[in-house]
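Subject: Structure handover

Hello,

Please find the structure below. My notes follow it.

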Amino acid sequence: MNRNIASALVLAFSAVAAGNALADDITIDTTPFVSSKTRAEVQAELVQYKKAGINPWSTSYNPVAYFRAEKSRDQVRTELAAARVSGELDNLYREDSGSAYLTQVASTPVRASTTLAGTPVNAQ
């Protein structure tokens with residue numbers, strides 16, 4: 001008897017808890033859209049795609065497949081090496097995005113109660 005009552009209570013509680021799962025209100029973005037191209041420019045691009053036989057709305061469309069680099073890999077590597085030697089690359093703009101540099105920099109302590117995920121350590 002106790003097992004049946006316990007099962008009934010669990011079933012009733014789960015039904016009540018499931019009934020409270022409601023969706024949030026619709027969020028409307030009121031930021032006005034500002035296009036970087038005119039309607040004529042967009043239509044001209046579409047005509048170029050159609051002439052080339054490309055469908056940009058296709059699931060198999062790959063814009064990188066038609067990319068042609070202006071520099072060779074060796075030229076880019078040479079430029080990167082020259083930038084490193086000249087000091088043009090700051091500690092925060094290295095290949096690791098500055099993470100090694102930031103781990104070595106002494107930071108000011110931040111109270112644990114105000115630290116949020118994604119908050120920089122040196123936030124005021």
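Is Glu79 buried, partly exposed or exposed? Glu79 is partly exposed, with a relative accessible area of 42%. Buried means under 20% relative accessible area, exposed means over 50%, and partly exposed lies in between, using a 1.4 Å probe and protein chains only.

First, the ground rules. This is a predicted model, where local features need pLDDT of at least 70, side-chain atom pairs count only at pLDDT 80 or more, and totals for chains, interfaces and linings use all residues. Residues are numbered from 1 along each chain as its sequence is written, and side-chain values use heavy atoms, with hydrogens and water left out.

Confidence next. pLDDT is the predictor's confidence in each residue, from 0 to 100. The protein averages 74. At least 70 is reached by 60% of the residues. Helix H2 (residues 39–52) has the highest mean, 90. Helix H1 (residues 2–19) has the lowest, 66. Where pLDDT is low, the predicted coordinates should not be read in detail.

Now the fold. The protein has four helices and zero strands. Its pattern along the sequence is α-α-α-α. Helices (H or I, at least four residues) and strands (E, at least two) are DSSP runs, numbered from the N terminus.

H2 has 14 residues. Its first and last C-alpha atoms are 20 Å apart, close to the 20 Å expected at 1.5 Å a residue. That expected span is 1.5 Å times one less than the number of residues. Gly53 follows H2 with a positive phi, near 80 degrees.

Buried residues make up 2% of the 124 residues. The accessible surface is about 12,000 Å², and 58% of that belongs to carbon and sulfur atoms. These areas come from the Shrake-Rupley method with a 1.4 Å probe; for residues, only the protein chains shown count as cover.

Last, the charged pairs. The whole structure holds two salt bridges. A salt bridge is a side-chain nitrogen of Lys or Arg within 4 Å of a carboxyl oxygen of Asp or Glu.

- Glu79 pairs with Lys71, with the closest N and O atoms 2.9 Å apart. Lys71 is partly exposed, at 43%.
- Glu45 pairs with Lys37, at 2.2 Å from N to O. Glu45 is partly exposed at 31%, and Lys37 is partly exposed at 37%.

Best wishes
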